[in-house]
Amino acid sequence: MLMMLLTLLLPVWIGSPSAHAAEKSGAVYIIPVDKPIEQGLGKFMERGFKEAEEMNAGLIVMDINTPGGRVDTAEELGTLIKESPVEIVAFVRGDAASAGSFLALNADKIVMSPGSMIGAAAMVDSTGKHVDDPKLVAFWKSKMQGAAEKSGRDGKIAAGMTDVNMVVEMPEINKTKEKGEIIALSAEEALKVGYADHISNTPEEAAAWLGYSQDDVFTVQRTAAENISTFLTNPVVMTLLLFLGIAGVIIELIVPGFGVPGIVGIVCFVLYFSGNYIAGFAGAETWVLFTVGLIMMILEMFIPSFGILGILGSIALVAGVVRAAYDTSDAFISLGIAFGAALVVIAIVVILFKDRGIWNRFILSDRLSADLGYSSATERKELIGLQGISLTPLRPSGTAMFNGERVDVVSDGDFIPIDTPIIVIKAEGTRIVVQQALPV
């Protein structure tokens, strides 16, 4: 009788969803990873993880669709994922490329949607060119391989996603990665080689597959400040802001009166520091350094200090810009590019507006010419054409009498004896030029 009862109940028990796993407790937090992996996205993910932990969430779903990004940021986020007390599943919606595949491999489970991809994780530089440095390649390959092996996956496949020189056989999908190739797996291929645990259409389906209720599903949304910060901390945008900031402020200082360059420059610097401040990279000291540096550079233009104020101001300004950035080396590169471009623009502006430059304040450009009403001595134009008599011989200078007035004169080159009739032919300041008068 007992055997008959078990026979009747066994199919029902096996077919029940709770037979595989009882419904798990805790809310489901979906965190979108749908932008390039850089500082702004990293801070957003950190906030999402912290919020999920504080709310005692049961599952975090990383909704991944990213082309990859910074290796250092990915490494930090990998540590965040591994150390999280909350169960984590990576749901690959589109592409988990490059650093995105590293995040997925650090999760407890990987669920992929149909048509998605994971892999293609070779290191590239800012121009998209493959990095050939053996040390860097070996470092990144070891990180990818370690993340895969932690979850019991074949580490050679993860290494083949990074190293173009490896040969990796994947008999499960009848493929062999040859030298010069990089492994990128479709959802179906990833499932066969163990790089995906399930295929689902949505993050909610992935959570349900893991046994979590659909009643408490939350999607972490970016705040407006985080969206702005993500945009402003993009390396290209940061370089552009620094370029406009440097060019605008310096142009306003050396060619005052426009107003617009100065306003644009200050606004760009404020945006640069604000973006990094919101992202959590810049502190109040960066604002202080920048402000002090700018004031010192302004004072250098009006207070003689043998360049001391200018040098100290430049150091403070550069220190503020560099300290505000997430990565010091990137900050120096951005600052160098921006400064070089700004110098070109400043030089052009100086040439075009040379008459309005601040240097004109220190140059006496006014001429005390006669046409402006200035004269170094009393002009005697009234003597021109006047006849008189020489009181002394003119060899060529001497004295003459004109209407009872003694005047110092000079002949036009010829010797003129005493008591000779003369006539004034030219008056240039105190120089009265005469010649012998012809008899009538």
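Start by selecting Arg-222, which is buried at a relative accessible area of 16% (buried means under 20%, exposed over 50%, partly exposed in between, with a 1.4 Å probe and protein chains only). You are looking at a predicted model, where local features need pLDDT of at least 70, side-chain atom pairs count only at pLDDT 80 or more, and totals for chains, interfaces and linings use all residues. Residues are numbered from 1 along each chain as its sequence is written, and side-chain values use heavy atoms, leaving out hydrogens and water.

Arg-222 sits in the loop between strand E10 (217-219) and helix H9 (224-232), and Asp-34 in the loop between strand E1 (28-33) and helix H2 (39-54), so the pair ties together parts 188 residues apart in sequence. Helices (H or I, at least four residues) and strands (E, at least two) are DSSP runs, numbered from the N terminus. Asp-34 is partly exposed, at 42%.

Finally, go to Thr-239 in helix H10 (residues 235-254). Thr-239 is buried, at 15%, and 14 of the 20 residues of H10 are buried too, so the helix is largely enclosed by the rest of the structure. Show Ser-334 as well: its side chain makes a polar contact with the side chain of Thr-239 (3.1 Å). A polar contact is a pair of N or O atoms within 3.5 Å; within protein, one must be able to donate a hydrogen and the other to accept it, and residues adjacent in sequence count only if both atoms are side-chain atoms.
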